[in-house]
Amino acid sequence: MIIKAIPTNIITGFLGVGKTSLIKQLLATKPADETWAVLVNEFGEVGIDAGLLNSSDNGIQIREVAGGCMCCAAGVPTQVAINQLIAKANPDRLLIEPTGLGHPNEIIKVLSAPHYQNVISLRSTLCLVDARKIHDPRYREHANFIQQLQVADVIIATKSDLYDAENTKLLYELQTYLSHIERTDIPVVSHTNQQPLPSALLDYLNQPRRVSLNISSNGGIVPKLGNLTTTAPSLFRTGGSRLSELSLFAEGAIEVALEFDARGIVRKQNQGEGCFSCGWVFDPRQEFDFDKLMAFIQRHTQSSDVGQVLLRLKAVMITSEGIAGFNWIDHEFTVVELDDSLDSRLEMITVDEVNWDEIEQQLLACLC
């Protein structure tokens, strides 16, 4: 039985800004006698971030809601996922990571519903920003990027160790941009994954949420933050809340088993927010040649046909060298060794549709 509301933080930010890495650092600070739960929403359909978190700790429970931004997934599927996660883990803290292409105000709206008032205690919403992107119109003019900053209680300037001498003014320029969207009140904390979490950030984590939202006339959410506002479509417009039809700890969502084809793979695609994704899941009995897989990734992150439109590539793969996690974003590529994985998964997100059939054949050629 829940006897006190669960401290809950939303951790938002655009694609590849380091949300999953920050969550790994936060999980490392978990007191030994506590249970923490993590809900991850991904734009892609196959779900990879939980594997990259690579948690074998019994005090950590992770659940994914794949397939789109929170404005689409924050309805019944997300609420059921939250309910089941709470019922299973009875956590002392809940961390929620919306997709980098999502509308975080929608998940805030779900968590602010009356039936969660005695269950969830919303604490600071953290928004991660790579200050090097502040001049890129694909970021600074993107409605989701603006909304993520608008609804945040704390800004974390990530990857600060990668800023070169010419980037010394980036934090000032970030503050100038925040002033432009009328967020001069928001604290900014610099951070790099190469260093321990700043004590100030851990202090902010436990502070109550400050930024309030109100409902617009068309059913969307408008942050109370001056003249620059964004709205998002709502799943709650039509008579009565569909969520109220579910018990608070409904067990109604049934996990859909993957149905592998004759080759032992599942392929899923998605599109929205001006982006396209394609993901593959491979039967766990299949193993990939590590060197061929590395060559495949390098070819598609550097080639002129795909590299120019590729936003993100991430994977958790069973290889000839062990289980590996791959992560590519904006020409930054990391490979990490993982302890375990139930299967192999790879996903690509692009700004234009590409020949997924051809890419699939090249990927299959990497099998041992």
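The legends below describe close-up views of a predicted model.

**View 1. The largest nonpolar core.** This core holds 28 residues, and W280 and F326 have the most contacts inside it. At least two residues each come from the strands β12 (275–282), β13 (310–319), β14 (322–329) and β16 (344–350), and from the helices α10 (290–302) and α11 (356–364). The element that gives the most to this core is α10, with five residues.

**View 2. The largest cavity.** The model has two cavities of 30 Å³ or more. The volume of the largest cavity is about 110 Å³. Its lining consists of 15 residues, and L15, V17, D130, K133 and Y139 are the ones that lie nearest the centre. By residue class, the lining of the largest cavity divides into eight nonpolar, one polar and six charged residues.

View 3. The cysteine sulfur closest to that of C368 belongs to C366, at 9.5 Å. A disulfide requires sulfur atoms within 2.5 Å, so the sulfur of C368 is too far from that of C366 for a bond. C368 is exposed, because its relative accessibility is 62% and the cut-off for exposed is over 50%. C278 is buried, with a relative accessible area of 0%.

Definitions and conventions. Residues are numbered from 1 along each chain as its sequence is written. This is a predicted model: local features need pLDDT of at least 70, side-chain atom pairs count only at pLDDT 80 or more; totals for chains, interfaces and linings use all residues. Side-chain values use heavy atoms; hydrogens and water are left out. Buried means under 20% relative accessible area, exposed over 50%, partly exposed in between (1.4 Å probe, protein chains only). On a 1 Å grid over the protein atoms alone, a cavity is a set of points where a 1.4 Å probe fits but cannot get out, and a pocket is an open set with protein on both sides within 12 Å along at least five of seven lines; lining residues have an atom within 4 Å of a point. Grid points are joined across faces, edges and corners, and a volume is the space filled by probe spheres set on the points. Ala, Val, Leu, Ile, Met, Phe, Trp, Tyr, Cys and Pro count as nonpolar, Asp, Glu, Lys and Arg as charged, and the others, Gly among them, as polar. A nonpolar core is a set of buried Ala, Val, Leu, Ile, Met, Phe, Trp, Tyr and Cys residues joined through side-chain atoms within 4.5 Å. Helices (H or I, at least four residues) and strands (E, at least two) are DSSP runs, numbered from the N terminus.
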